[in-house]
Amino acid sequence: MWSSSNGTANVRKGRAGQLNRQHLQAQYKEILQAYLEGRGETQLYLAQQLGKWFLKQNVAPEEIIDMHLHTMEEMVDMPEPVRESFQLLTEVMIEYGNTYREHRSLRSRQKQLESEIEVAVTMQQTLLSEKVPSLEGVDIGLVSVPAKKMSGDYYHFVRHDADLFSVAIADITGKGIPAALCMSMIKYAMDCLYLTRLDPSEILFFLNGIVERNIDPSMFVTMLCGCYCLESHHFRYAVAGHEPGFLYRAKEETFYDLAGQGIALGVKRGAKYPEYSIGLEEGDLLILLTDGVTERKMGERFLQREELIGYLQAEVGRSAQEIADNLYRRLLELSHFELPDDHTMIVIRRA
Amino acid sequence: MTVPITIEIRTEQDIVLARQEGRNLSKQLGFGNIVQSRIATAISELARNIFQYAGAGTITIETVKEDGRVGVRIVAEDHGPGIRDIRRAMEDGFSTSGGLGAGLPGVRRMMDEFSIESSVDHGTRVVIIKWNS
Ligand SMILES: Nc1ncnc2c1ncn2[C@@H]1O[C@H](COP(=O)(O)OP(=O)(O)OP(=O)(O)O)[C@@H](O)[C@H]1O
Ligand SMILES: [Mg+2]
């Protein structure tokens, strides 16, 4: 089969282009003449400015050589070998001209790609823009900031009925666009799974199957999936290889790890996820996070969990949203305003 | 009006000859110095591709007239292996030289008209035109 590609780029230089070229040449001549008359640095400075102008007008390097030759021919009696030598120079510069033209076309392609990414970013923001539910008896705070344009972190809140809501937090390996694509898959799967009102351990079981079948073996997803009963204030949850969160016991003024066993999603077919249950007393806190929060480099060393607990301790009196906001700000300062990984933190307090 | 000139491409010397013919004709047609060199470079790239990938083929150079303007048309033709994925071959950065210098996308940018047809196992035909405006 014959395949073909046609391209017609009629570069019929309009009169404007022609005039412009003459104008540039005249300017070049003026500067060159003055320079040869010995005015020195001023002319060199003007030449530099003219160079910028040439670039703006998309004048190729070989054309400047041609301009130089013509100007010199007009001004001095050039020995034949000197004149001829310009042909060789031109021939070499044409390759540079080609690279210059390619650079220009790649730049415009880059702009186009960037605007496509912008659209994708907006789409993702719509996917993730879930409002933190306002509930009686429970105060919730959330901060989720992507390291790059698109986030590989995922979170989800769903209110099932008067006394039950679900919360999920996940982290997809890698960052940027691949992680974001995988995140959308998780999002759609979760939307379906929630309709069935499964338990956290069942949700992870099904999700593991979906992830395992649909993503590259080199990628995986860690997740914590939980269900909070507003009547009994019991939190049931299951974990798939996710960064442990914290449980704060107000009475003891102590932070505990929100531990849980379970392999990351997408690693092992048919993996099982045990369910854990804890009861919250008044003032107790649940803190869920992604590893972008904890795996922070601060200068030469990494943030320790004990340090993080220290910072959390200092905030326990505040509202859930303030705790999340202040921690984000605090950690950003400590890591010199660099955010190498997506950062998501959910704070839940029994009022 | 000149008759078309066809140059058989088998050796690197033939590439030089094709360049020379292209330059001569564009000089006759009154193209500026830079455009002459660009035409020679375009011929060079097409002839090199024939030499490298098809082993043998032809470059045909002729004058074209249309709507009161004059131009030079170059047809590069071979019966070599063809190009499997033309879209990729036309992409910047795809050439073996990593997209530095001319290559097919560069030729397309230097010329006013460019068309390529290729079929696996049957060969490749590239037609380019540069108008003297
Ligand atoms: N006449 C041809 N026959 C078969 N394949 C060709 C032919 N011309 C080009 N190709 C294929 O298209 C590709 C792109 O060609 P192009 O001339 O742009 O780059 P290149 O020859 O790889 O590198 P460069 O020309 O920069 O040295 C080549 O690598 C080759 O695979
Ligand atoms: Mg080539």
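**Group meeting: contacts, rings and cysteines**

Let's start at Gly279(A). Leaving aside neighbours within four places in sequence, Gly279(A) is in contact with His233(A), His234(A), Arg249(A) and Asp284(A). One caution before I go on: this is a predicted model.

Where does Gly279(A) lie? In strand 9 of chain A, residues 276–279. Take His234(A) from that contact list. The C-alpha atoms of Gly279(A) and His234(A) are separated by 4.4 Å, and the two residues are 45 apart along the chain. Gly279(A) has a relative accessible area of 21%, so it is partly exposed. The cut-off for buried is under 20%.

Now the layout of chain A. The domain assignment gives domain 1 as 4–120 and domain 2 as 130–350. How far apart do the C-alpha centres of domain 1 and domain 2 of chain A lie? The answer is 57 Å.

Next, aromatics. How many aromatic pairs does the structure hold over all chains? There are 9. Take Tyr28(A) and Phe54(A). Their ring centres are 6.3 Å apart and their planes are at 35°, so this pair is tilted. The pair links distant parts of the chain. Tyr28(A) is in helix 1, residues 15–39 of chain A, and Phe54(A) is in helix 2, residues 41–56 of chain A. They are 26 residues apart. Both are buried: Tyr28(A) has a relative accessible area of 17%, and Phe54(A) comes in at 4%.

Compare that with Phe205(A) and Phe206(A). Here the ring centres are 5.7 Å apart. The planes are at 75°, so the pair is edge-to-face. Buried or partly exposed? For Phe205(A), the relative accessible area is 33%, which makes it partly exposed. Phe206(A), at 43%, also counts as partly exposed.

Phe165(A), Tyr228(A), Phe235(A), Tyr237(A) and Tyr276(A) form one aromatic cluster. Look back at strand 9 for a moment: its residues are 276–279, and the cluster includes Tyr276(A).

Over to chain B. Which ring does the charged end of Arg69(B) sit over? The ring of Trp131(B), 4.0 Å from its centre.

Then Lys130(B). Its place is in strand 5 of chain B, residues 123–132. Lys130(B) has 11% relative accessibility, so it counts as buried. What does its side chain make a polar contact with? The side chain of Asp112(B), at 3.4 Å. Leaving aside neighbours within four places in sequence, Lys130(B) is in contact with a list of residues that includes Phe31(B), Val35(B), Ile39(B) and Val72(B). Gly71(B), Met110(B) and Met111(B) are also on that list, along with Asp112(B).

Last topic, cysteines. A disulfide is a covalent bond between the sulfur atoms of two cysteines. How many disulfides are there over all chains? The count comes to 0. Cys182(A) is in no disulfide, and the nearest cysteine sulfur, in Cys225(A), is 15 Å away. Cys182(A) counts as buried, at 4% relative accessibility.

The cut-off for a disulfide is within 2.5 Å. Cys225(A) is buried as well, with a relative accessible area of 1%.

That's my tour. Questions, please.

Terms used:
Residues are numbered from 1 along each chain as its sequence is written. Chains are lettered from A and ligands numbered from 1 in the order in which they are written. This is a predicted model: local features need pLDDT of at least 70, side-chain atom pairs count only at pLDDT 80 or more; totals for chains, interfaces and linings use all residues. Side-chain values use heavy atoms; hydrogens and water are left out. Domain bounds come from an automatic or database domain assignment. Helices (H or I, at least four residues) and strands (E, at least two) are DSSP runs, numbered from the N terminus. Buried means under 20% relative accessible area, exposed over 50%, partly exposed in between (1.4 Å probe, protein chains only). A polar contact is a pair of N or O atoms within 3.5 Å; within protein, one must be able to donate a hydrogen and the other to accept it, and residues adjacent in sequence count only if both atoms are side-chain atoms. Contact means heavy atoms within 4.5 Å. Rings of Phe, Tyr and Trp (its six-membered ring) pair if their centres lie within 6.5 Å; planes under 30 degrees apart count as stacked, over 60 as edge-to-face and the rest as tilted. A charge sits over a ring if NZ of Lys or CZ of Arg is within 6 Å of the ring centre and within 35 degrees of the ring normal.
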